[in-house]
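This briefing goes through one protein chain by topic. Please keep the sequence and the structure open while reading.

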Amino acid sequence: MKGKTAIVFGATGLTGSEVVRQLLEDERYERVKIFARHDPQISHKKLEVHISDISDVNNCSEHITGDDIFICLGTTIRKAGSIKAMEEADRDIPAAIADVAAANDVRGLAVVSSIGANAGSRNYYLRIKGEMEQLVRNAGITKTVIVRPSMLLGNRNEFRFGEEAGKLIMRAFGFLFVGRLRKYRGIQGADVAAAMIRILNSPATGDKVIYESDEL
């Protein structure tokens, strides 16, 4: 199918920026809309940039129209400042975006979650991601895809100490992650982005919704 319009939230992050780059090179998409708080400083004939405060999705709801939407939002407790703020950024905003997209008849959605996401977890991060998954699925978009990557590898625009330390460990001992541990290996953000696009454009996914890191 050609002539599609894609919508991307989180376009300046590690995975989101890769989603945008790959969509711009994908002949199936003729338009790529990105929503961001700041100018991403990129230009392309297919690109449509919307600068908006995404904490209130109603500000840009009329523009959240198209075929496929990619939600690549995520933060850290340090950057958010509190668990409550992190709940808004990692759970409430993605859920609100999914609701608006569903109301605007967007037919495909792919969202980045996390390995181990579980709404019943005692870990606040995994709980928030699990609750986000439930809310996004409840939006009722025809084809909903949730990807649960392990540690993301690649170059970010911001420094995350814990993540950088984890990358060093992965580079040194990643070969030990085999069998049941394979899904805990680090994964390139570019590979996650490619998988999201591929799955949304594949007619043979059936009712499968959640994809673990080793499946990506």
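Does Gln 41 count as buried or exposed, and at what relative accessibility? Gln 41 counts as exposed, because its relative accessibility is 66% and the cut-off for exposed is over 50%. The model is a predicted one. Its protein chain comes to 6 helices and 9 strands, and 48% of the 216 residues count as buried.

**Chain overview**
- Among contacts between residues at least 6 apart in sequence, 68% join residues at least 24 apart.

**Residues with positive phi**
- Most residues other than glycine have a negative phi.
- Gln 41 has a positive phi, near 60°, and is not a glycine.
- Gln 41 sits in the loop between strand E2 (29–36) and strand E3.
- Asp 105 is likewise not a glycine and has a positive phi of about 65°.
- Asp 105 is placed in the loop between H3 and E5.
- With a relative accessibility of 47%, Asp 105 counts as partly exposed, because that value falls between the cut-offs of 20% and 50%.

**Packing of helices H3 and H4**
- Helix H3 covers residues 83–103 and helix H4 covers residues 124–138; they pack at an angle of about 15°, with axes 9 Å apart.
- H3 is therefore roughly parallel to H4, since angles under 35 degrees count as roughly parallel.
- The crossing of H3 past H4 is right-handed.
- On the H3 side, the contact is made by Ile 83, Met 86, Glu 87, Asp 90, Arg 91, Pro 94, Ala 95 and Ala 98.
- On the H4 side, the contact is made by Tyr 124, Tyr 125, Arg 127, Ile 128, Lys 129, Glu 131, Met 132, Leu 135 and Val 136.
- Sorted by class, this contact has 11 nonpolar and 6 charged residues, and no polar ones.

**Helix H4: length and cover**
- The 15 residues of H4 should span 21 Å at 1.5 Å a residue, and this agrees with the 21 Å between its end C-alpha atoms.
- Buried in H4 are Arg 127, Ile 128, Lys 129, Gly 130, Glu 131, Met 132, Glu 133 and Val 136.
- The cover over these buried residues includes H3 and the strands E5 (108–112), E6 (143–148) and E9 (210–212).

**Helix H1: length and cover**
- H1 takes in residues 14–25; its 12 residues should span 16 Å at 1.5 Å a residue, and the end C-alpha atoms, 17 Å apart, agree with that.
- H1 is mostly covered, with 9 of its 12 residues buried.
- The buried residues are Leu 14, Thr 15, Gly 16, Glu 18, Val 19, Val 20, Gln 22, Leu 23 and Leu 24.

- Ile 97 belongs to helix H3.
- Ile 97 is buried, because its relative accessible area is 0%.
- Leaving out residues up to four places away in sequence, Ile 97 touches Phe 9, Val 57, Ile 69, Ile 71 and Leu 73.
- Ile 97 and Ser 55 are 42 residues apart along the chain, and their C-alpha atoms are separated by 9.7 Å.
- Ser 52 is in the loop between strand E3 (47–51) and strand E4 (68–71).
- Ser 52 counts as buried because its relative accessibility is 11%, and the cut-off is under 20%.
- Apart from neighbours within four places in sequence, Ser 52 is in contact with Ala 36, Arg 37, Asn 59 and Cys 60.

Technical notes: Residues numbered from 1 in each chain as written. Predicted model: local features only at pLDDT ≥ 70, side-chain atom pairs only at ≥ 80, totals over all residues. Heavy atoms only, no water. Axes fitted to C-alpha atoms, helices over the stretch in contact; angles between N-to-C directions. Helix = DSSP H or I, 4+ residues; strand = E, 2+ residues; numbered from the N terminus. Parallel < 35°, antiparallel > 145°, perpendicular 65-115°, else oblique. Left-handed = near helix turned anticlockwise from the far one by under 90°. Contact = heavy atoms within 4.5 Å. Nonpolar A, V, L, I, M, F, W, Y, C, P; charged D, E, K, R; others polar. Expected span 1.5 Å × (residues − 1). Buried < 20%, exposed > 50% of the residue type's maximum accessible area, 1.4 Å probe, protein only.
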